[in-house]
Structures are given as C-alpha cells and as structure tokens.
Amino acid sequence: MEIRRLSETEYEKSLQLSQYAFQYVVKEEDVPKRYEMMKKHEIWGEFEKEDLISKLHILSLEISIDNKRFPKEEQE
C-alpha cells in the first residue's frame with residue numbers, strides 16, 4: 001500500500017473511483033471541466049499496486065473566525 005498525492009495523469013482514476021463510489025456517470029463532454037476543478041484540489045490517494053482504492057480531496061477555502069476573514073492560500 002502507498003499513500004501519496006495524485007498527479008494530473010491520475011485524474012481519470014480519481015473520477016472513476018468517484019463515479020463508482022457515489023453511483024453517478026459524468027458525461028464525456030463534462031470530463032475536461034472536472035479535471036480543471038481537480039487542479040484546484042489537493043488530492044491524496046491510497047494505492048494498492050497501480051489501483052487507486054481510496055482518496056481524499058482537500059479544498060483550500062476562505063473561512064471566517066470571530067468575524068475575521070482568512071482567505072484561501074494559493075497552492076504552489
């Protein structure tokens with residue numbers, strides 16, 4: 001087992017896992033939009049050999065604590 005951040009070349013595996021887990025289908029014409037959205041996420045996956053068996057999306061969002069706003073941090 002290996003846990004690591006996904007590369008853009010593994011976005012297809014990520015999308016396939018989501019479709020399987022949540023029982024939906026992304027139309028072929030919508031796939032590029034999904035990949036663009038994934039570029040804004042930090043996606044970590046658990047791999048068994050070459051297979052992606054679980055994943056975690058970390059979203060960088062703005063939050064407010066005690067009426068003070070903390071903007072999202074830009075990814076490197």
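## Charges

Lys and Arg are counted here as positive and Asp and Glu as negative, while His and the chain ends are left out of the count. On that basis the protein, which is a predicted model, carries 13 positive and 18 negative side chains, and the centres of the two sets lie 4 Å apart.

## Fold and overall dimensions

Two helices and five strands make up the secondary structure of the protein, and their order along the sequence is β-α-α-β-β-β-β. Of the contacts in the protein with a separation of 6 or more, 52% are accounted for by residues 24 or more positions apart.

The radius of gyration of the protein is 15 Å, whereas a compact globule of 76 residues would have a value near 11 Å.

## Surface and burial

The protein exposes about 6,500 Å², and carbon and sulfur atoms supply 52% of this area. Buried residues make up 21% of the 76 residues.

The structure holds six salt bridges.

Another salt bridge joins Glu-8 to Lys-39, the closest N and O atoms being 3.9 Å apart. This pair links distant parts of the chain, since Glu-8 sits in the loop between strand S1 (2-5) and helix H1 (11-22), while Lys-39 sits in the loop between helix H2 (31-38) and strand S2 (41-48), 31 residues apart. Glu-8 is exposed, with a relative accessible area of 52%, and Lys-39 is partly exposed at 37%.

## The salt bridge between Arg-69 and Glu-62

The side chains of Arg-69 and Glu-62 also meet in a salt bridge, with an N to O distance of 2.5 Å. Arg-69 has a relative accessible area of 58% and is therefore exposed, the cut-off for that class being over 50%, whereas Glu-62, at 43% relative accessibility, counts as partly exposed.

Terms used: Residues are numbered from 1 along each chain as its sequence is written. This is a predicted model: local features need pLDDT of at least 70, side-chain atom pairs count only at pLDDT 80 or more; totals for chains, interfaces and linings use all residues. Side-chain values use heavy atoms; hydrogens and water are left out. Helices (H or I, at least four residues) and strands (E, at least two) are DSSP runs, numbered from the N terminus. The radius of gyration is taken over C-alpha atoms; the globule rule is 2.2 Å times the number of residues to the power 0.38. Buried means under 20% relative accessible area, exposed over 50%, partly exposed in between (1.4 Å probe, protein chains only). Contact means heavy atoms within 4.5 Å. Accessible areas come from the Shrake-Rupley method with a 1.4 Å probe; for residues, only the protein chains shown count as cover. The place of a charge is taken as NZ of Lys, CZ of Arg, CG of Asp or CD of Glu. A salt bridge is a side-chain nitrogen of Lys or Arg within 4 Å of a carboxyl oxygen of Asp or Glu.
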